[in-house]
Amino acid sequence: MMNGVAFNTRIEDCQKKLVNEVAHDYWQQQILSLESQQILGLQASGFSIDSLTKGLLKVDSDTSLDLNIEDQDLDISQPLHNQFESLVQRKWDTFCAEWREKGSYLEEGLCSLASDCRSLGANDTKPFSPKPRINRYEAINIWIENLKIKIQDKNNTITPSYLAIRKQKLLGKYFHPLIAYEVSTRCSVEKLSLISPNLQKSIAELWESPAKGVWKHALHWCTQELTKRRKKHGVISFGGLIKALDPGEPVKEEVGSLRKDQPWIHDLRNRYRVTLIDEFQDTDPIQWRIFRHAFANSP
């Protein structure tokens, strides 16, 4: 063993192949266990087998990334299908309660924002207008009522699918707080405060939290699975090898000092008198700690 890595461990010859395999297994075991309307909603948010594979490859290749995933909405250690619908339900209930109380106030506030921007000389305040031709507050009310008619169950509750939520573009393209921020920035409004903080937060969470929770769940599951499979097959990725050699962040007096748990550092110092780092801009923090610890104060 050296730094916790067995001597007979081989360097992985095809990282992309294993990452692709793990991503597809997650999709099959976790995503395909969801209802079809939930899957379509996730895809509408940009979560797909391709985006998961690319994202996982990027995370797995980043040797300096300390992936510590926590999520208040989903237990990332438990199967996704046991939790996803209840997550959507919680976000929906919160949104509906806030909308009933502050929905009209939010619409009026967005019209006032457009008016303020116009007074500053801005011509483009889209999608907001001081005097909109469409009452978007009423449009959301009608949408909610139609959902009640379509999916109300015997307990008098509504559980809309994530697809139904993502298809309501007024939530993501009009009432979402990011849109107000973008308009304010474009129109040079110096200070922007949320019009109705609780409602706007509930809209953002209804629109984004289900997808965000799945991303966290997926990255946790996939990174754990990558570690298990590499250990089983006796292979280590290049990034894993770099991490295994990480001497850690030293305190000031330890820079360049010899550490008992890093005997290979002494061998490096004895073997090389000069170290040339080519393409230094591509050196990540762990690689720099290795170089610094090995050579910074070395003769």
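Trp 221 is buried, with a relative accessible area of 16%, which is under the 20% cut-off for that label. Please keep in mind that the model is predicted. The chain has 299 residues, 42% of them counted as buried, and its secondary structure consists of 12 helices and 2 strands.

**Overall layout**

- Reading from the N terminus, the elements follow the order β-α-α-α-α-α-α-α-α-α-β-α-α-α.
- Among contacts in the protein chain with a separation of 6 or more, 79% link residues 24 or more positions apart.
- The protein chain has an accessible surface of about 18,100 Å², and carbon and sulfur atoms contribute 50% of that area.

**Around Trp 221**

- Once residues up to four places away in sequence are set aside, Trp 221 touches Val 22, Asp 25, Tyr 26, Gln 29 and Gln 30.
- Ser 77 lies 144 residues from Trp 221 along the chain, yet 7.7 Å separates their C-alpha atoms.

**Helix H3 against helix H9**

- The crossing of H3 past H9 is right-handed.
- On the H3 side, the contact is made by Ser 51, Leu 52, Leu 56, Val 59 and Asp 60. Their partners in H9 are Trp 215, Ala 218, Leu 219, Cys 222, Thr 223, Leu 226 and Arg 230.
- Sorted by class, this contact of H3 with H9 holds 8 nonpolar, 2 polar and 2 charged residues.

**Helix H4 against helix H5**

- The axes of H4 and H5 approach within 10 Å and cross at roughly 155°.
- H4 is therefore roughly antiparallel to H5, since angles over 145 degrees fall into that group.
- The handedness of the H4 and H5 crossing is left-handed.
- H4 brings Trp 92, Phe 95, Trp 99, Gly 103, Ser 104 and Glu 107 to the contact. H5 meets them with Arg 136, Tyr 137, Ile 140, Asn 141, Trp 143, Ile 144 and Leu 147.
- By class, the residues in the contact of H4 with H5 are 8 nonpolar, 3 polar and 2 charged.

**Loop residues to look at**

- Pro 127 sits in the loop between helix H4 (84–119) and helix H5 (136–151). The peptide bond leading from Lys 126 to Pro 127 is cis, with omega near 10°.
- Ser 196 is placed in the loop between helix H8 (177–186) and H9. Ser 196 counts as buried because its relative accessibility is 5%.
- Beyond its neighbours within four places in sequence, Ser 196 contacts Lys 102 and Tyr 105.
- Glu 279 occupies the loop between helix H11 (263–271) and helix H12 (285–295). Although Glu 279 is not a glycine, its phi is positive, at about 55°.
- With 45% relative accessibility, Glu 279 counts as partly exposed.

Conventions
Residues are numbered from 1 along each chain as its sequence is written. This is a predicted model: local features need pLDDT of at least 70, side-chain atom pairs count only at pLDDT 80 or more; totals for chains, interfaces and linings use all residues. Side-chain values use heavy atoms; hydrogens and water are left out. A crossing is left-handed if the near helix is turned anticlockwise from the far one by less than a right angle, and right-handed if clockwise. Helices (H or I, at least four residues) and strands (E, at least two) are DSSP runs, numbered from the N terminus. Contact means heavy atoms within 4.5 Å. Ala, Val, Leu, Ile, Met, Phe, Trp, Tyr, Cys and Pro count as nonpolar, Asp, Glu, Lys and Arg as charged, and the others, Gly among them, as polar. Buried means under 20% relative accessible area, exposed over 50%, partly exposed in between (1.4 Å probe, protein chains only). Accessible areas come from the Shrake-Rupley method with a 1.4 Å probe; for residues, only the protein chains shown count as cover. Axes are lines fitted to C-alpha atoms, for helices over the stretch in contact, and angles run from 0 to 180 degrees between N-to-C directions. Angles under 35 degrees count as roughly parallel, over 145 as roughly antiparallel, 65 to 115 as roughly perpendicular and the rest as oblique.
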